[in-house]
Amino acid sequence: MENKVIKVNLGKSSYNITIGRGSLSHAEKYLDLKRKVLIVTDDNIPKKYVQKIKSKSQKAYIVVIKHGEKNKNYKNYLKIIQTLISYRFDRSDAIVAIGGGMVGDMAGFAASTYMRGIDFYNVPTTLLSQVDSSIGGKTAINVTKIKNIIGTFYQPKSVLIDTDVLKTLPKRELNSGIVESIKMAATFDKNFFGFLCSCDDIIKNSENIIYKSLILKKRVVEKDEKEKGLRKVLNFGHTIGHAIEESMNYKLLHGECVGIGMLFFSSEEAKSKIESALLHYNLPTSCKIDKRKIIKLIKHDKKAKNDMISTIQVDKIGSYKIINIGLHDIAAIL
Ligand SMILES: NC(=O)c1ccc[n+]([C@@H]2O[C@H](COP(=O)([O-])OP(=O)(O)OC[C@H]3O[C@@H](n4cnc5c(N)ncnc54)[C@H](O)[C@@H]3O)[C@@H](O)[C@H]2O)c1
């Protein structure tokens with residue numbers, strides 16, 4: 001089957017996203033590996049994916065981070081930077097991230113800051129990172145318990161999505177990833193939402209799910225690269241979702257938290273539809289909520305100002321509105 005290619009049009013920072021089964025075996029066609037390359041990955045990613053990139057690179061070094069969201073931190077960021085320094089990477093060299101959103105966010109942040117920016121390639125290996133964090137150029141690390149508090153907007157040179165890698169992804173991670181597609185569909189596309197509600201095999205349909213999700217997100221990030229307005233829609237479910245994720249010490253996965261988070265900002269009608277979609281993928285629709293902790297964490301949200309926060313509400317599937325809500329009102333709905 002032919003690869004699908006999406007061009008993200010962002011002027012000088014434009015790039016292609018290539019989606020295809022087995023595409024990792026031809027990585028050199030999509031990434032310029034004829035140079036010094038630092039591969040950043042985590043200890044749960046099957047080594048065969050890393051080897052495929054390594055074998056196609058002129059000179060490759062590898063940094064392996066311990067898996068898990070709490071490792072998306074300053075210490076590991078520094079580990080990447082120190083490796084770049086010790087192998088004398090310069091501005092003509094590149095970083096390749098092979099992993100989920102944790103690795104992608106941190107490697108992207110390192111690429112954007114080392115020598116004021118070196119080339120960054122993203123090879124996302126979770127469904128979540130393929131449908132969402134592969135596009136839009138957000139990079140970040142967490143500090144103390146505050147998610148993504150340091151970061152940059154930095155577009156990759158190119159993104160390579162091999163859907164075959166999803167075969168080794170644990171089922172819980174696969175289901176967690178589909179939440180970002182449900183989010184895109186709930187806010188923009190009711191037909192796609194209907195498709196997701198009845199899809200019985202994520203892997204079989206992965207090319208289409210990824211392509212459709214990325215096309216929806218592409219339209220947003222092309223209009224608003226740096227989240228001045230429209231891009232806020234992508235945060236549907238994230239205000240409370242991020243706070244749940246942090247308050248539970250990352251015991252629930254990112255997608256699981258975003259799924260629960262969406263239910264707090266939906267009309268009764270939309271809520272019951274989103275709930276059915278989540279249940280279809282065995283995703284949680286509620287969890288133990290520590291109100292005090294959650295409100296405290298929301299205060300640190302980048303969208304919070306003077307105890308008010310701008311967030312997204314879905315009343316009808318396929319549409320959304322931006323609302324401003326006080327932290328007191330959020331406490332009341334929790
Ligand atoms: N930059 C963005 O726009 C953006 C968007 C959404 C989420 N994010 C970030 O993404 C992160 C979550 O990403 P995630 O859900 O991909 O989690 P993750 O990166 O933590 O990966 C989840 C787990 O799956 C393992 N794994 C990854 N690929 C695998 C594969 N093919 N086979 C077997 N195991 C595999 C990983 O080792 C890890 O243990 C969060 O930090 C979130 O903030 C960023």
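The legends below describe several close-up views of a predicted model.

Because the model is predicted, local features need pLDDT of at least 70 and side-chain atom pairs count only at pLDDT 80 or more, while totals for chains, interfaces and linings use all residues. Residues are numbered from 1 along each chain as its sequence is written, and side-chain values use heavy atoms, with hydrogens and water left out.

View 1. Seven strands form an open sheet in the order E1-E2-E9-E6-E5-E3-E4, with mixed pairing; strands (E, at least two residues) and helices (H or I, at least four) are DSSP runs numbered from the N terminus, and two strands pair if DSSP finds at least two bridges between them. Strand E1 (4-8) and strand E4 (59-65) are the edge strands, each pairing on one side only. From one strand to the next, the twist averages 15 degrees.

**View 2. The E1-E2 hairpin.** Strands E1 and E2 pair in the antiparallel sense over five bridges, and Lys 4 has Ile 19 in E2 as its bridge partner. Six residues lie between the two strands of this hairpin, and Gly 11 in the turn has a positive phi of about 60 degrees.

View 3. Strands E2 and E9 run parallel and are joined by four bridges, with Ile 17 opposite Val 159 in E9. Strand E6 (residues 119-124) and strand E9 (residues 158-161) also pair in the parallel sense, over two bridges, and here Tyr 121 stands opposite Ser 158 in E9.

**View 4. Helix H5 against helix H7.** Helix H5 (residues 171-188) and helix H7 (residues 206-223) pack at an angle of about 55 degrees, with their axes 10 Å apart; axes are lines fitted to C-alpha atoms, for helices over the stretch in contact, and angles run from 0 to 180 degrees between N-to-C directions. Among the residues that meet are Ile 178 and Phe 188 in H5, and Ile 209 and Val 220 in H7, where contact means heavy atoms within 4.5 Å.

**View 5. Helix H7 on the sheet.** Helix H7 lies across E1, strand E2 (15-19) and E9, and runs at about 10 degrees to E1.
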